[in-house]
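Reader: I am new to this structure and would like to learn how to read its features one at a time. Could you begin with the general idea in each case and then turn to the example?

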Amino acid sequence: MKTVRLIFRNRLAAAGLVVLGIVVLLAILTPILPLADPDVTNTANRFRPVFAEGHLLGTDHLGRDLLSRLLWGTRLSLAVGFAAAVFAAVIGAGFGIVSGYFGGATDNVIMRGIDMLMAFPYILLALAIVAALGPGLFNALIAVAVVNIPFFARNIRGVTVGIAHKEFVDAARLAGLSHTRIILSEILPNVIPVIVIAMSTTIGWMILETAGLSFLGLGSQPPQADLGSMLGEARGALITNPLTSIVPGVMILVIVMSINLLGDGVRDALDPRLRSGALTRPRAATVVDRRAPVPAPRAEGVLTMTDLETQFHVGARVYRAVNKVSLHVAPGECLGVIGESGSGKSVTALSVMGLVASPPGVITGGSVRFRDAELIGATYGRLRELRGDRVAYIFQDPLATLHPLYRVGDQLVEAIRVHHRIPRAEAWDRAVALLKQVRIPNPESRAQSYPHEMSGGMRQRVGIAMALANDPDVIIADEPTTALDVTVQAQILSLLDDLRRERGLAIVFITHDFGVVAQLCDRVAVMYAGRIVEEGPTRAVLDAPAHPYTRRLIACVPELGAGRRRLEAIPGLPPAVDRLEPGCAFAPRCLKTEAVCVTREIGLAQAGNRAVRCLFPETDLKREAAE
Amino acid sequence: MGSYIVKRLLSAIPVLLGITVIVFLIMAMIPGDPATAILGSYATPENVAKLNRDLGLDEPLVARYFIWLGNMLQGDFGRSFSLNRPVLDEVTERFMATLILAGTSFVLCALFGIMAGVVSAARQYGWADRGITFAVLLGISIPSFFLGMMMILIFAVHLRWFPVSGMYAIYGGGDLADLLHHLVMPAVALSVVATGVVARLARSAMLEVLRQDFIRTARAKGVGEGRVVWRHALKAAMVSIIPVLGIQAGFVLSGAVYIEMVFQWPGVGRMLVDAILKRDILLVQGGVVIVAACYVLFNIAVDVAQSLLDPRIKT
């Protein structure tokens, strides 16, 4: 029912359905409509124009009524196309079921035969069959059906293989039922929907193909005529009397087009990816729709974010992925941003350079400044100049983030050459030097490798080399070590640490791992449900977390030599950010919740170099700052 | 790479043999006595017996297949009785004309299909996308033979831009310019459906690729949007577009039969239809086997192209 409604929501599909319905209805009603006999010739009355007396669509080269011939021809074409589809579906499904059910040698023989049939361009096979059987509508029908058998056989075999190993089939086999019984009672009912769908998608084709054979003179023979042979006969008088060609031609077009429209509608309705709108292309830069004035930065740094807000607009829902986040990082400093997945930390990172996929992402407020330049709302050209040149990214999972079809050396060369007009050879040397710098052995030969030829750790080093290509001021690393094993992770972290000290890089390090933060970061910001809930120097936060969430998050990290401490998972899940309640988002999972926690907004309370968003902090920051 | 090509060629041998078996079996289905069918029902018994002997039809089925196969391997496809010339010569000559037509159409459908698909995906839901989507729907719904006839009516009869039919002008002509002038309309008419199919697939392949992480990486590097779409995304999308191009080559070759009829193009498709109507079985047999074999080889070339594009394919 839902599917039917979806089809109707698609106006084009509905139009297709209506047009097709009218054509089919006319074809069914043809015998009882008050029409002239389609085969009675009257050569004195040849080639009458449209609206001629007694002939609504005029007459053809033998003076036969075109409207009558059109409707009878449509009836025949639809019937033959439908019959060919049924024929192909039954035989093809038969082969498919037998092949899929029995498997083994039977499967092998049948499928190799099917492959052979598919090795032919379809019309050659159809022509060979018509050549053997002789021209005629029924033989054309057989030819078209046979040509389409492989399509059904393959589809149905795939479905049958899936079903043949289900429990209920095994049960039937153990119950001693014969193969025939099992196929008929267990398999067939489950594949019939697939057969029907496959039929509906090919029926337009079948109509077109049989019409084609008739057009060639190999299908229906005079005086009987389907749409194809009407067109074929009219071809002789195409130049002098185009009407007789246009009438059947337009009818074929109308039929096939309405079937295609309907088929597209059905496919869209059945494909859940299209339903959720996931198949949309992200734009070159995130859409900015900022209503409020640009806030002034409240902190110093090479990169400052102030009250940044990024949302996802999906249908009528608004997900507040980043909710007034302010962060800053100074040259040579490493800022950790930590949180569970879904906390908005990655979206925060991607918002900086407008890399949040859009649609559905929209930056709705706040400011991001690189030195003195405002990035939110900057032109695409300006963003592009800074991307990879001054502010570079390192992403998680380098197998997905490196282009699979380019050599890593070429990907590095490109990173350099989009910002610096230097000769290719020079850029290649620089690429090799970069690979060497991130301690890849044999950089000269490794530059020639494709990403899939490297290990995960090596690929991540390539990702880092790419970020370093233009000697940027800021590197934003989005969980760069998550996909790696622990030893490789440690190597990568020390590599980043060295680079930061050598080059005075500012690093924003996104992670969900406090262990990593402790190793690398000077300061840390904790995110929960799109907000910063705590911020401060790493050591201070680790030693005396102020927010209950931070404390629980630290308790999740196992410590070497800490003995048999119980690792505490945090019960419950982070809230969905499309319907946040007022007050503290962590309240439902917090052990210290009181009524006041969920009545009003809770501000980020600043004390010295630390801040916390909690009414009942674990550590009194004011007193700590005073001491 | 060389060994991969050899491997693919070797794997084509059973397919080629299978094709000959299928064609042979279909032709063996001919009801009644082929010799009588050829000579007509008034032929004398002696003549029928002689023709049967000439065609090797007095042997058992399996023997006949191997004789036929052996002859073909030596380049002997028999003699067309309706044209009274060797089948191989006739098919080769006609196939060249078809290759000119179908090859041009294939290039057109690949070029314009991919371009339309990329533009459509890059401007998703914009006016260009809507326009292309509608044109594509129209293109894949119109029967190529009807489209060809309408093109003749408009561009040859009314506007007189192109000749109505044929491959060369009857008087004068015969040079490349003349050929191209005759080629435009049939090649375009033949390419429309395939262009539509390729455009559709290219659009969805591009939409799929443009959401991938490596596209975000390219953007994060500062690569311009034109280069992101036409280099990074298209190259990755080609991995799924190329196999469809291989399939479309088969459809273009098939559609050529109709277009050759409409435009009186002296290709192998029209030859086959004429041969069927004249019951010239040897000509049909030879034509089908030769064209199908070329198609199999073309598909190997497609596989090789795919392996050149995608280093992840084990060669």
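Author: Let us start with strands, where two strands count as paired if DSSP finds at least two bridges between them. Please keep in mind throughout that this is a predicted model.

Reader: Which residue stands opposite A:Arg523 in E11(A)?

Author: Strands of a sheet pair through backbone hydrogen bonds, and they may do so in parallel or antiparallel fashion. Here strand E10 (residues 523-528) and strand E11 (residues 531-537) of chain A run antiparallel and are joined by six bridges, and the residue facing A:Arg523 is A:Pro537.

Reader: In what order do the strands of the open sheet in chain A lie?

Author: The open sheet has eight strands in the order E7-E8-E9-E4-E10-E11-E13-E12, and their pairing is mixed. Its edge strands, each of which pairs on one side only, are E7 (391-394) and E12 (605-607) of chain A, while neighbouring strands of this sheet are turned against each other by 20° on average, direction ignored.

Reader: Where does A:Ala529 lie, and what is its phi?

Author: Most residues other than glycine have a negative phi, and most peptide bonds are trans. A:Ala529 is not a glycine, yet it has a positive phi of about 50°, and it is found in the loop between E10 and E11 of chain A.

Reader: Why does A:Ala529 count as buried?

Author: A residue is called buried if 20 or more other C-beta atoms lie within 10 Å of its own, and A:Ala529 counts as buried because it has 22 C-beta neighbours inside 10 Å. A:Asp307, which lies in strand E2 (residues 303-314) of chain A, also has a positive phi of about 50°, but with 17 such neighbours inside 10 Å A:Asp307 counts as partly exposed.

Reader: Which residues does a cis peptide bond with an omega of about 0° join?

Author: That cis bond joins A:Ser358 and A:Pro359, and another cis bond, with omega about 10°, joins A:Pro359 and A:Pro360. A:Pro359 lies in the loop between helix H12 (345-351) and strand E5 (361-370) of chain A, and A:Pro360 lies in the loop between H12 and E5 as well.

Reader: At what angle do helix H5 and helix H8 of chain B pack?

Author: Helix H5 (residues 87-122) and helix H8 (residues 176-210) of chain B pack at about 35°, their axes being 5 Å apart, and H5(B) passes H8(B) in a right-handed crossing. The residues of this contact comprise 24 nonpolar, seven polar and one charged.

Technical notes
Residues numbered from 1 in each chain as written. Chains lettered and ligands numbered in written order. Predicted model: local features only at pLDDT ≥ 70, side-chain atom pairs only at ≥ 80, totals over all residues. Helix = DSSP H or I, 4+ residues; strand = E, 2+ residues; numbered from the N terminus. Axes fitted to C-alpha atoms, helices over the stretch in contact; angles between N-to-C directions. Left-handed = near helix turned anticlockwise from the far one by under 90°. Nonpolar A, V, L, I, M, F, W, Y, C, P; charged D, E, K, R; others polar. Buried ≥ 20, exposed ≤ 12 C-beta atoms within 10 Å, placed from the backbone.
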